[in-house]
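Hi there,

Here is the structure I promised to pass on to you.

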Amino acid sequence: EINRAETNKQIVEKVNKAFADNNLEEFLANCADSAVWNMVGEKTTSGKTAIRDWLAEMKDMDPPKFTVDQLIAEGDSVACCGDMTMKDQDGKLGRYSYCDVYRFSGGKITELRSFVVAHKTEGEKSGRATA
């Protein structure tokens with residue numbers, strides 16, 4: 001159990017390096033053919049081929065620069081969170097916090113749920129919720 005969690009954690013570290021290096025094939029090599037990537041609140045992409053096609057649409061964009069503040073592994077799941085900066089479609093640099101939750105089976109990523117939150121820029125009103 002602990003060894004499997006540690007192995008999965010190492011795969012996430014390898015995948016994070018692949019993203020930083022803009023090496024999408026390295027990421028995909030660690031995905032099951034039926035992998036599902038859910039960008040929570042935006043879109044869900046099912047299957048390695050569809051994920052490759054979706055990522056290819058962004059190939060001309062600079063890869064995000066990110067930090068990993070926490071990496072938690074237990075059983076078949078790994079959670080990874082931190083901060084990142086990336087340019088939007090207009091080339092404007094944005095700051096974000098993220099949490100990626102990976103699920104594994106047989107040493108391959110079967111599911112990735114990505115929660116990405118944009119930081120408010122100065123002068124913007126905060127969208128604070130009131131109870």
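First, the ground rules. This is a predicted model, so local features need pLDDT of at least 70 and side-chain atom pairs count only at pLDDT 80 or more, while totals for chains, interfaces and linings use all residues. Residues are numbered from 1 along each chain as its sequence is written, and side-chain values use heavy atoms, with hydrogens and water left out.

**Strands**

Helices (H or I, at least four residues) and strands (E, at least two) are DSSP runs, numbered from the N terminus. Two strands pair if DSSP finds at least two bridges between them. Strand β6 covers residues 93-105 and has a partner in β5 (residues 77-87), antiparallel over 11 bridges, and another in β7 (residues 108-118), antiparallel over 10 bridges. Ser97 shows both pairings: its bridge partner is Asp83 on one side and Val117 in β7 on the other. The β5-β6 hairpin has 5 residues between its strands, and Gly91 in that turn has a positive phi of about 85 degrees. The β6-β7 hairpin has 2 residues between its strands, with Gly106 at a positive phi of about 60 degrees.

The side chains of β6 alternate: Gly94, Tyr96, Tyr98, Asp100, Tyr102 and Phe104 point to one face and are buried. Buried here means under 20% relative accessible area, exposed over 50%, and partly exposed in between (1.4 Å probe, protein chains only).

**Pockets and the cavity**

On a 1 Å grid over the protein atoms alone, a cavity is a set of points where a 1.4 Å probe fits but cannot get out; a pocket is an open set with protein on both sides within 12 Å along at least five of seven lines, and lining residues have an atom within 4 Å of a point. Grid points are joined across faces, edges and corners, and a volume is the space filled by probe spheres set on the points. Ala, Val, Leu, Ile, Met, Phe, Trp, Tyr, Cys and Pro count as nonpolar, Asp, Glu, Lys and Arg as charged, and the others, Gly among them, as polar.

The largest pocket has a volume of about 860 Å³. Of its 30 lining residues, Met39, Met58, Pro64, Met84 and Met86 lie nearest the centre. By class, this lining has 19 nonpolar, 4 polar and 7 charged residues, and β7 gives the most, with 5 residues. The second largest pocket, at about 200 Å³, has a lining of 3 nonpolar, 3 polar and 5 charged residues.

There is 1 cavity of 30 Å³ or more. Phe27, Cys31, Ala35, Val36, Trp37, Ile51, Ile109 and Leu112 line the largest cavity, and β1 supplies the largest share, 4 residues.

**Rings**

How many aromatic pairs does the structure hold? There are 6, where rings of Phe, Tyr and Trp (its six-membered ring) pair if their centres lie within 6.5 Å; planes under 30 degrees apart count as stacked, over 60 as edge-to-face and the rest as tilted. Phe27 and Trp37 form a tilted pair, 5.5 Å centre to centre with 55 degrees between the planes. Phe27 is buried, with a relative accessible area of 1%, and Trp37 is buried at 8%.

Best wishes
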